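This report describes the fold of a protein chain and then its pocket. Please look at the sequence and the structure before reading on.

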Amino acid sequence: MNKRLFLFLYTNTQKNRTLRNIAVLVTTASKFIYIAVYAVYFALLIHGDDVRIVPYIAMPALTLLTARCLRHLLKRQRPFSELEIKALIEHKNVYSFPSNHAASAAVIACAVGYIDTISGVALLVFAVLTGASRVLTGVHYPFDVLAGWMLGLLFGGLGFVFIA
């Protein structure tokens, strides 16, 4: 089902130039947007000598560490490698499950939401677009993204509830 859903989404993206351009734009811009927003709130916490800085740093770090460990344990190939298709963006051929982008987007949205609810909700919506763009551009299977979101939300949601 994962491969069939991927092929359906990827094939339809290939046929639609507007969707293709949007997917490439979102996947390319997302990392810069998340880094910038995360840095702004980090600076605000540092400037305000806010104790929330500890979970703000710890939860994304734990999420990425866990995602990377899972990738090396599970060793799932990327769709462009396994299915021998051309991804719409340049990407290293490293393991794909879970998606680091999806996990990072979800946990950073939770981290920012811990500080500013409205911005956090906006970032969660953008996290959905970010994850979808990773599938549409051919660099992740849908379950890679779903697992990344769940990992990010798990660490983000539970981490900020129990540490805060």
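## Fold and pocket

From the N terminus on, the elements of the protein chain run α-α-α-α-α-α-α. There are seven helices and zero strands, where helices (H or I, at least four residues) and strands (E, at least two) are DSSP runs numbered from the N terminus. The model is predicted: local features need pLDDT of at least 70, side-chain atom pairs count only at pLDDT 80 or more, and totals for chains, interfaces and linings use all residues. Residues are numbered from 1 along each chain as its sequence is written, and side-chain values use heavy atoms, without hydrogens and water.

Along its principal axes, the C-alpha trace of the protein chain spans about 50 × 35 × 25 Å. Buried residues (under 20% relative accessible area, 1.4 Å probe, protein chains only) make up 41% of the 164 residues.

The largest pocket has a volume of about 510 Å³. A pocket is an open set of points on a 1 Å grid over the protein atoms alone, where a 1.4 Å probe fits, with protein on both sides within 12 Å along at least five of seven lines; lining residues have an atom within 4 Å of a point. The volume is the space filled by probe spheres set on the points, which are joined across faces, edges and corners.

The elements that give two or more residues to this lining are tabulated here.

| Helix | Residues |
|---|---|
| H2 | 17-47 |
| H3 | 53-74 |
| H5 | 100-115 |
| H6 | 117-136 |

H5 supplies the largest share of the lining, five residues. Of the 20 lining residues, Leu-64, Arg-68, Arg-71, Asn-100 and His-101 lie nearest the centre of the pocket.

Note on methods. Buried < 20%, exposed > 50% of the residue type's maximum accessible area, 1.4 Å probe, protein only.
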